[in-house]
Amino acid sequence: MKILYISSHFNPFEYNTGSAQRYNLLLRACAEFAEVDVVTFNDDVVSDIPGCNVIYSKESTLPEVGGRLYRFKRLLRPWNPYSFFHKDKNRSAVIESILKTEEYDFIVTRYIPRALECGLLQYIDKLVIDVDDHPMDVMLTYSKNAKTSRARKYYKFLSRWMQYSINKILKKAHYSFFPNANQVYAHHSVYLPNIPYFETDALPYTLTNNHTLLFIGDLRYEPNIIGIEHFVDNVFPMIRKRVLDARLLIAGRYRDDDWRKKIEQNDNIEVLGFVKELIPIYERANVCVVPIYSGAGTNIKVLEALQMGRACVVSEEGTRGFTSNLKNGRDYYVAYNDQEFANSVINLLLDDNLCKKIATNGANTVRKYYSRQYFYSIVKKALCK
């Protein structure tokens with residue numbers, strides 16, 4: 001079997017963000033059972049995966065698309081997917097020239113907008129799409145955060161037509177993967193969960209009476225910024241009233257020092273910035289918090305925290321994609337409002353036995369349903385029928 005794997009905006013051999021990690025995992029899964037040629041629009045990419053051959057690697061910057069005229073044009077033909085997503089002439093020409101000279105069983109890529117920008121609709125019978133960050137959800141998030149009623153109506157309109165247009169694509173595509181089980185399309189689709197990239201045994205639970213909380217996330221990403229600011233302003237003060245020595249560690253790249261200083265004005269909060277080695281940071285805390293209230297993807301930070309053997313409290317939005325296997329009150333706690341979030345954290349901080357029980361259950365479930373081999377097996381079963 002021969003696969004053309006297209007990575008339009010990430011080097012698929014790197015794994016420094018959650019999205020890049022899934023690119024890499026999907027590529028490795030394909031290489032388990034097929035010969036894979038890789039196209040990436042990044043300079044000087046070199047393969048370190050046996051069976052993967054980089055046949056095209058060159059930086060290609062997409063033109064900026066926007067403005068009122070662009071937004072108006074999107075409304076003229078809402079049933080046409082190219083009304084929503086720009087087709088790039090340079091990238092589509094590269095793909096077309098490759099497919100004129102080579103024969104592939106499948107074309108694999110991630111994200112529907114990226115597939116369209118590469119002009120892959122004309123090869124839809126061979127197309128396998130990993131539908132992460134569903135565009136419909138992205139539009140609904142824009143609508144939720146829009147400042148005017150006109151903008152909210154505009155994004156809701158787009159979300160409805162996007163769903164219609166994308167369903168037409170998925171119906172014709174050879175196969176599609178979804179990281180959210182609730183979104184799996186009826187035709188040729190399957191749930192392919194996000195998994196922790198680095199496989200490790202759960203850390204030993206030895207931190208009795210440890211009242212340190214941990215949040216890890218890219219703090220240049222708006223949903224993470226909104227979430228942690230809301231937690232700092234509304235939830236953490238309630239926790240401090242009951243647990244006077246409670247501390248919060250925040251790890252991840254942030255935009256600027258002004259933001260860090262603003263957050264650290266609050267007592268018992270430390271912003272660590274980018275952390276290269278995660279295990280020592282997880283060892284400092286017993287409880288991880290995931291206050292996410294918007295966004296379209298799944299939060300690997302939840303699985304990573306559970307894999308590390310740490311009890312986790314998650315906002316309802318942060319559980320997207322995991323509810324089929326992770327159970328509230330058994331593997332983690334799900335908070336439906338600020339008071340529930342604070343109460344769950346307080347209970348875990350003040351009850352070592354409860355904290356250890358939840359952490360152990362969560363780690364066992366992640367080990368069972370979110371392993372690398374489980375991920376690989378789903379991809380192989382889908383494409384080797």
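Lys and Arg count here as positive and Asp and Glu as negative, while His and the chain ends are not counted. The place of a charge is taken as NZ of Lys, CZ of Arg, CG of Asp or CD of Glu.

This is a predicted model, in which local features need pLDDT of at least 70 and side-chain atom pairs count only at pLDDT 80 or more, while totals for chains, interfaces and linings use all residues. Residues are numbered from 1 along each chain as its sequence is written, and side-chain values use heavy atoms, with hydrogens and water left out.

Start with the charged side chains: the chain has 51 positive and 43 negative ones, and the centres of the two sets lie 7 Å apart.

Next, show the whole chain as a cartoon. Its secondary structure comes to 13 helices and 13 strands, taken as DSSP runs (helices H or I, at least four residues; strands E, at least two) numbered from the N terminus. The C-alpha trace spans about 65 × 50 × 40 Å along its principal axes.

Of the 385 residues, 54% count as buried, meaning under 20% relative accessible area with a 1.4 Å probe and protein chains only.

Now select helix α5, residues 135–145, and find M139 in it. M139 is buried, with a relative accessible area of 7%.

Last, select T319, 180 residues from M139 along the chain; the C-alpha atoms of the two are separated by 19 Å.

Definitions and conventions:
Buried means under 20% relative accessible area, exposed over 50%, partly exposed in between (1.4 Å probe, protein chains only).
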